Amino acid sequence: MSDQLRTIFARGRDLVRPAIPKRWRGLPTVPVVRLTGVIGFSTPLKPGLTLSGIARALDRAFAMKPKAVALAINSPGGSAVQSHLIYRRIRLLAEEKSVPVIAFVEDVAASGGYMIACAADEIVCDPSSIVGSIGVVGASFGATEAIKKLGIERRIYTAGEKKVMLDPFLPERPEDVEHLKTIQREIHDTFIGLVKQSRGARLIGPENTLFSGEYWSARTALGHGLIDRLGDLRTVLRERFGEDVRMPLVSSERGLFGRRTPGIGAGGLPWPGAGLGLGSGLGAGFAEEIVSAIEARAIWARFGL
């Protein structure tokens, strides 16, 4: 082909290109998966994260032959098991597809939220993001004195002497508390090992600080090596992959009545009446959802949010 023909073809391509949809232009693509909410909460008033809720979105994102996959994370933590399952699914997909993963932290990536962020090859935060809380917590209450004053008699029947360990209506026993703390230490050790494996030599500072359960602003977390840089999703991706990079939001599949599966997409509380179990009383189901929403709100409140 002569130089003149090449010039004509190049000019024609430049003229036609603006009319071609971006997805057909061969532009770099970095799909964005939003991971928002308390981990392990899955009822309508608990807009949280579970592996079952996000698995399809992750599969779709990695199947787009992207330059990278971006995770927009905003979670104060929750279930240790669900956090680890989500972490493992992201890492398996990244390794299988040979696609880098970049996590962008919004308000908070704490506890299980930070565990999920560790699935990324790079963690980027807003300067005011909250990061860390690498620890394990369990909470209950004791009501033994209250039920005595109310004249209530506790009746419980079990097969297995340890079946009612830490029952809030029975006196607390030191051996039961120690058993719980042993389990917590095991889970904490797993969490610590995961962070060390993910962050490696980037971690800076004494372990009794990094893994104490404390949390920090992003600027301090950067100094500890818990994150890689400060920035925001749009700016970093354009800087990395060019001004024309496509950043499609990969959301969950539509569920019953067109509602999205909880845990992906924007936060907020869906209509409380939806999703109540068949055969359950509306009042009882609604009350349960309200209590769950209060619990979720309390978890966010730990970080001043």
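Predicted model: local features only at pLDDT ≥ 70, side-chain atom pairs only at ≥ 80, totals over all residues.
Me: What percentage of the 305 residues in the protein chain is buried?
Reply: Buried residues (under 20% relative accessible area; exposed is over 50%, partly exposed in between; 1.4 Å probe, protein chains only) account for 39% of the 305 residues in the protein chain.

Me: How many helices and strands does the protein chain have?
Reply: There are ten helices and seven strands, taken as DSSP runs numbered from the N terminus (helices H or I, at least four residues; strands E, at least two). As for contacts (heavy atoms within 4.5 Å), of those in the protein chain between residues at least 6 apart in sequence, 69% join residues at least 24 apart.

Me: Which strands pair with β4?
Reply: Strands pair if DSSP finds at least two bridges between them. Strand β3 (residues 101-110) runs parallel to β4, with four bridges, and Phe104 lies opposite Val124 of β4. From β3 the chain passes through helix α4 (residues 112-117) to β4, a right-handed β-α-β crossover; right-handed says that, with the strands pointing away from the viewer, the path from the first strand over the helix to the second runs clockwise. Strand β7 (residues 229-230) is also parallel to β4, joined by two bridges, and Leu230 in β7 is the bridge partner of Cys125.

Me: Are the faces of β4 covered or open?
Reply: Both faces of β4 (residues 122-125) are covered. Glu122 and Val124 are buried on one side, Ile123 and Cys125 on the other.

Me: What is the phi of Lys65, and what is the phi of Ser111?
Reply: Most residues other than glycine have a negative phi. Lys65, not a glycine, has a positive phi of about 50°, and Ser111, also other than glycine, has a positive phi near 55°.

Me: Where do Lys65 and Ser111 sit, and is each buried or exposed?
Reply: Lys65 is in the loop between α2 (51-62) and β2 (69-75), and counts as exposed because its relative accessibility is 79%. Ser111 is in the loop between β3 and α4, and counts as buried because its relative accessibility is 15%.

Key:
Residues numbered from 1 in each chain as written. Heavy atoms only, no water.
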